[in-house]
Amino acid sequence: MSSAGVVISSIMEDAVLSSVLFERSRSPHYSDDSILIYLAVPGSSVIPIRVLDSDSIASFKLRIQSSKGFVVKNQKLVFDGRELARNDCRVRDYGVTDGNVVHLVIRFSDLRFITVNTACGKKFEFQVEQSRNVAYIKEQIAKKGKDFLNIQAQKLICDGEELEDQQMVNDICKNNDAVLHLLIRKSAKVRTKPIEKGFELSIDAPCLEEKKGADMKVVVKKPPDIQALFEPVTVNPKVELSSVLEELINSTYAGLEKGHKPVMSPEGSGGAYFMLDATGHNYVGVFKPIDEEPMAENNPRGLPPSLDGEGLKRGTRVGEGALREVAAYILDHPISGPRSLFSNEVGFSGVPPTTMVRCLHGGHGKKELKIGSLQKFVKNHGSCEDIGPQAFPVEEVHKIAVLDLRLANADRHAGNILFYREGEEDRIVLIPIDHGYCLPENFEDCTFDWLFWPQARQPLDSTTLDYIKSLDAEQDLALLKFYGWEPSLQCSRTLRISTMLLQKGAERGLTLYDIGSILCRETVKKESKMEEMILEAEEAVLPGTGETAFMETISEIMDLYLNSLTK
Ligand SMILES: Nc1ncnc2c1ncn2[C@@H]1O[C@H](COP(=O)(O)OP(=O)(O)OP(=O)(O)O)[C@@H](O)[C@H]1O
């Protein structure tokens, strides 16, 4: 087992042990108002845990943290194919009852992936906490066999520099994927000489294990073992890609061709892979294969496959996440007008350039041809989960809120907004990512973390008002069709209704908080005002009525309600 395995399994063992102790110490306290459920954690046996009638998702996560050690921020709970996303709602509101199994997905964002290549061609892979140092990595290497026992003799090289024992993992492994070279000091003379597709390493010393005592020459090559296949998927031959997207595809291809394997993100509930450029030092894109989406057949995070095809959020389908990612980019129009994939203009909300690709991919198991979304990697200083919202400029929050309202995004938690600081004043710029759950068939799971940020209650500026006014849902649907996705009638209706609500609300001087509060449910069970209006419209129209008549009806109902609000 790799040391990653050791780290994770020891966490699991501790967790099971503390769970048993926890249960024992608390059990007399529990009575009829508690239920016993089972927490399924990948790589561990199920953990029995009590849930009180009054337990909210937030308090339940807190109890998992205090008893099992998994930090709240890194927990994602899934029951019956649905994420328990609303922290203020009760666990029982999601229908969890005695004896049920709840899946816990943990984001090990604190761990870094490190590969150590030895001079004898061995390769060790570790997942190490950011806070460890190089001396700790050496200790882990020493556990790999008697040939590595002598820690003093180990020399670790990264980017041609020898690492000092006290250097921190976080410093040598900024982007989660360090490749280190291990040399064992045995009065060896090491010489390197660049050759065509790699480098030649000559060691005039005994190579451990393989040829003890004999001089040998080892040629370590980065073999071009990948028959790189990587290309855009375009349904409509008339679609031409912008130079930004072409550049993204070309640099990803160049990285694969050089043999730089995709690096799996430790975060997220689906398979997300960081793609490297030709140097192997920079991430250029994030690839999300459709067969690894949450609850898809090959999901690598231990989520069970969906039984009815519905995705983690109500009104979405497993396998459609990549389409929605691309749709969010296409619909994020620049201020100047509708998006064209041929243009490099940044959209109003700043969704990173995203396109659909086909890739011969071996990031998870054997190499296979996979289809998925490829999004430009954005250099960032973390996500909005890492810092409080006070420092975010109002217009940055507004640009995200406008996108989420338009697309009825069902997955806008703070972790899905990256940020970076720019300029001398360190102004914060927000980058929306992860749009696999936008344009759902209904509004049931729409929740927005920004709704509770003070900026959402600030009035809209004229640029934002003009942008909202310029939106046209019919044009948006035609654009999606042009690029190859014809959303279902229900998803199209979602776009029409949410665009209408945003426009009517903004026109009447409502804030994004006001509009968001109409669109989102307050609790899991209580329908939102928007859902009530849809129901009313559905009841009002005659069976078989066309979509235009339905939209006219809902427009009238919406006007009445908004007028009553703004009177
Ligand atoms: N465009 C990007 N630029 C930089 N980093 C990114 C980008 N997209 C995703 N990431 C990183 O990859 C991680 C996983 O991506 P993402 O959250 O989109 O995956 P997911 O499986 O859909 O997650 P979730 O569980 O939140 O639905 C993110 O936490 C983020 O750190």
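**Exercise 1. Is arginine 421 buried, partly exposed or exposed?**

Start with the cut-offs: buried means under 20% relative accessible area, exposed means over 50%, and partly exposed is in between, using a 1.4 Å probe and protein chains only. Arginine 421 has 35% relative accessibility, so it counts as partly exposed. Before going on, note that this is a predicted model, where local features need pLDDT of at least 70, side-chain atom pairs count only at pLDDT 80 or more, and totals for chains, interfaces and linings use all residues. Residues are numbered from 1 along each chain as its sequence is written, and side-chain values use heavy atoms, with hydrogens and water left out.

**Exercise 2. Find where arginine 421 sits and which residues it touches.**

Step one: look in strand 20, the place of arginine 421. Strands (E, at least two residues) and helices (H or I, at least four) are DSSP runs, numbered from the N terminus. Step two: list the contacts, meaning heavy atoms within 4.5 Å. Not counting residues up to four places away in sequence, arginine 421 touches His381, Ile387, Asp426, Arg427 and Ile428. Asparagine 380 is 41 residues from arginine 421 along the chain, and their C-alpha atoms are separated by 8.0 Å.

**Exercise 3. Work out why phenylalanine 79 counts as buried, then list its contacts.**

Go to strand 3 (residues 75-79), where phenylalanine 79 is found. Its relative accessibility is 12%, so phenylalanine 79 counts as buried. Now leave aside the neighbours within four places in sequence: phenylalanine 79 is in contact with Leu84, Tyr94, Gly95, Val96, Asn100, Val101 and Val102.

**Exercise 4. Describe the surroundings of the ligand.**

First, count: 20 residues surround the ligand, each with a heavy atom within 4 Å of it. The closest are Lys76, Glu267, Ser269, Lys288 and Asp434.

Next, sort the shell: six residues are nonpolar, eight polar and six charged. Here Ala, Val, Leu, Ile, Met, Phe, Trp, Tyr, Cys and Pro count as nonpolar, Asp, Glu, Lys and Arg as charged, and the others, Gly among them, as polar.

An N or O atom in the side chain of serine 269 is 2.7 Å from an oxygen atom of the ligand. For valine 378, a backbone N or O atom lies 2.9 Å from a ligand nitrogen atom.

**Exercise 5. Which residues have the most contacts inside the largest nonpolar core?**

A nonpolar core is a set of buried Ala, Val, Leu, Ile, Met, Phe, Trp, Tyr and Cys residues joined through side-chain atoms within 4.5 Å. The largest one has 47 residues, and Leu430, Trp450, Ile497, Met530 and Ile554 have the most contacts inside it. Helix 13 gives this core its largest share, six residues. Now zoom in on tryptophan 450: beyond four places in sequence, the residues it touches include Val397, Ile400 and Leu512.

**Exercise 6. How many helices and strands does the chain have?**

Count 13 helices and 21 strands. Of the chain's 567 residues, 53% count as buried.

Terms used. A residue is near a molecule or strand if one of its heavy atoms lies within 4 Å of it. A polar contact is a pair of N or O atoms within 3.5 Å; within protein, one must be able to donate a hydrogen and the other to accept it, and residues adjacent in sequence count only if both atoms are side-chain atoms.
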